[in-house]
Amino acid sequence: MTTDTTCLAPEKDPMGAAIRDYYSTGKAGRLRVFSSQFDEDEIPVAGLFRTYPEMPALEQKALQLAGGLILDVGAGSGCHTLALKEMGKDALPADISPLAVEVMRARGLDARLVNLFDPRLAGQFDTVLMLMNGSGIIGRLENIGGFFRRMKQLLAPGGCVLMDSSDLRYLFEDGDGSFAVDLAADYYGQVDFRMQYKNVKGDPFDWLYIDFGTLSLYASQYGFRAEKVQSGEHYDYLARLTLR
């Protein structure tokens, strides 16, 4: 299975619509998130415009470590790129959301409307930054080989990927601290989502949360070294991936 290389259509871009509303008016409606595995949830749109002091410790650490020419993948409103620029760093934001890219450009950023897996996104980057559960872009575990091959194309010699993710095993934790995971089922970190903002409904998409042990195993298979840079407060972590 190959990873999708397309971008969103504006009429199928609920997160982008929410970002545009918030940027334009300082407020936004509910950005609703649906999944076949979980109850309905909501993304606080104001949080997509967070500044460096408002970012979680894992994100702050990633921005501190990022260096050289940085590719900010899934950049959203551009909050990470803006923080990097304030630190004097050189970052290129990219997203598949046309409305988010429109906002980033309005904020003075040279944002690219392009999918990470689109071969038209070319260059040699010293850091590929994938934050806000950045592993999700991989979609499913079966796509991970394509992901690592793509990183080999995009990374400059000595470059690295900085990616955060979460281990969803806590969802299967019993009262005694053991974990009841069905090993015969699909990998437990594979989730399907769909978003809606006002009357803008997005298509369903796959999102991958990957535990560090599994990430490290696959990284090794594809010629990378995975290092857990920092652990978060709730089964989340920041990883640095480098070519061996």
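C7 is partly exposed, at a relative accessible area of 30%; by the cut-offs used here, buried means under 20% relative accessible area, exposed over 50%, and partly exposed in between (1.4 Å probe, protein chains only). This is a predicted model, in which local features need pLDDT of at least 70 and side-chain atom pairs count only at pLDDT 80 or more, while totals for chains, interfaces and linings use all residues. Residues are numbered from 1 along each chain as its sequence is written, and side-chain values use heavy atoms, with hydrogens and water left out.

**Cysteines**

- A search of the whole structure turns up 0 disulfides, a disulfide being a pair of cysteine sulfur atoms within 2.5 Å.
- C7 takes part in no disulfide, and the nearest cysteine sulfur, that of C79, is 19 Å away.
- C79 counts as buried, with 4% relative accessibility.

**The sheet**

- A note on terms: helices (H or I, at least four residues) and strands (E, at least two) are DSSP runs, numbered from the N terminus, and two strands pair if DSSP finds at least two bridges between them.
- β4 (residues 90–95) pairs with β5 in the parallel sense over 2 bridges, and D95 has L113 of β5 as its bridge partner.
- β7 and β12 are antiparallel, with 7 bridges; here L162 is partnered by R240 in β12.
- β11 and β12 also run antiparallel, joined by 7 bridges, and F224 stands opposite L243 in β12.
- The hairpin of β11 and β12 has 4 residues between the strands, and Y235 takes a positive phi near 60° there.

**Helices on the sheet**

- Which residues of α5 are buried? They are I144, G145, F147, F148, R150, M151 and L154.
- The cover over these buried residues includes β3, β6, β7, α6 (212–221), β11 and β12.

**A helix pair**

- Helix α1 (residues 14–25) packs against helix α4 (residues 98–106) at an angle of about 30°, with the axes 7 Å apart.
- The two are therefore roughly parallel to each other; angles under 35 degrees count as roughly parallel, over 145 as roughly antiparallel, 65 to 115 as roughly perpendicular and the rest as oblique.
- G16, A17, I19, R20 and Y23 of α1 meet L99, A100, E102, V103 and A106 of α4.
- The residues of this contact divide into 7 nonpolar, 1 polar and 2 charged.

- M130 lies in strand β6 and is buried, at a relative accessible area of 0%.
- Setting aside neighbours within four places in sequence, M130 is in contact (heavy atoms within 4.5 Å) with V73, L116, I137, F147, V161, L162, M163 and D164.
- The C-alpha atoms of M130 and F193 are separated by 19 Å, with the two residues 63 apart along the chain.

How values were computed. Axes are lines fitted to C-alpha atoms, for helices over the stretch in contact, and angles run from 0 to 180 degrees between N-to-C directions. Ala, Val, Leu, Ile, Met, Phe, Trp, Tyr, Cys and Pro count as nonpolar, Asp, Glu, Lys and Arg as charged, and the others, Gly among them, as polar.
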